[in-house]
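Here are my notes on this one, point by point. Have the model open while you read.

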Amino acid sequence: MRLNKLLTAFLCAAAYVFSINSAAAVPTIHTSAASFLAAIGGTADISENFNSTTTDISFRNTTAPNNGFSLSSVGNEHAGFNIVDASPFNDGTFSLGDGTFVAFFVQNSGGAVTTAAIEFDQAVIGFGANFRSLENAVLSINGVALSHASTSGSEFFGFTVDPTDAFTRIDITGAGDRFSMDDVLIAFAPTVPEPGALALLGLGLIGLGVARRRQKAA
């Protein structure tokens, strides 16, 4: 009886892990920090306002590590963008009003292509931030483009997914867009057993079952 319960638990856990590997992200969009925080249980695992950065950090054709994530861009660049922009700002019109911010530039026009990305140190189920002039940029996770408000002003934009759709990267593209980001909120995915560990557990349970049958036969 006990062995049957263990086998059932193993099969359920295995099914969950395999569903993670095969599912496609279906994000829920949030247009306020309050809605985003409610969706992730009230508190973000990471809250980053970049104000500890007091000098500019470029991620132009390189990677800039940060608090639990990194920023990068590839392609032709625009002066003063694809940097963590500290005061005095390269272009203060993109400031979100509370100090250091991230200034992005992406494009795909006239044969010139620039893309950017946000990569996370571990799997994520929620990401949100304050943005300015996001209207022409396209943010994608797991190949799915995320719909956001088309505005040249300041807005909160965030999204959450089920744990089975956790992601580790946001790709950013656009026709020719300069925008900024600040006050980042991140929710990590809950940890689940690795497939290898589940396989070892399964083999152990099978071996236990065989041994018990032999004892009964004896």
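**Notes on strands, cores and rings**

1. Let me start with F159: at 0% relative accessibility it counts as buried, where buried means under 20% relative accessible area, exposed over 50% and partly exposed in between (1.4 Å probe, protein chains only). F127 is buried too, at 1%.

2. Before going on, the ground rules. This is a predicted model, in which local features need pLDDT of at least 70, side-chain atom pairs count only at pLDDT 80 or more, and totals for chains, interfaces and linings use all residues. Residues are numbered from 1 along each chain as its sequence is written, and side-chain values use heavy atoms, with hydrogens and water left out.

3. On confidence: the protein has a mean pLDDT (the predictor's confidence in each residue, from 0 to 100) of 84, and 76% of its residues reach 70 or more. Residues 9-23 fall below 50, and this stretch has 21 contacts (heavy atoms within 4.5 Å) beyond near neighbours in sequence.

4. Back to the rings. F127 and F159 form a tilted aromatic pair, 6.0 Å centre to centre with 40° between the planes; rings of Phe, Tyr and Trp (its six-membered ring) pair if their centres lie within 6.5 Å, and planes under 30 degrees apart count as stacked, over 60 as edge-to-face and the rest as tilted. Because F127 is in strand 8 and F159 in strand 11, the pair ties together parts 32 residues apart in sequence. Strands here are DSSP runs (E, at least two residues), numbered from the N terminus. Both rings belong to one aromatic cluster, which also includes F104, F120 and F157.

5. Which residues have the most contacts inside the largest nonpolar core? They are F104, I118, F127, I170, I172 and M181, in a core of 41 residues. Such a core is a set of buried Ala, Val, Leu, Ile, Met, Phe, Trp, Tyr and Cys residues joined through side-chain atoms within 4.5 Å. Strand 8 gives the most to this core, with 8 residues.

6. Have a look at strand 12 (residues 167-174), which pairs antiparallel with strand 8 (residues 112-132) over 5 bridges; pairing takes at least two DSSP bridges between the strands. I170 is the bridge partner of I118, and among the contacts of I170 are F127, L139 and F159. Strand 9 (residues 137-141) also runs antiparallel to strand 12, joined by 4 bridges, with V138 partnered by T173.

7. Finally, a second, separate core of 7 residues includes I83, F94, L96 and A103.

Note on methods:
Lists of a residue's contacts leave out its neighbours within four places in sequence.
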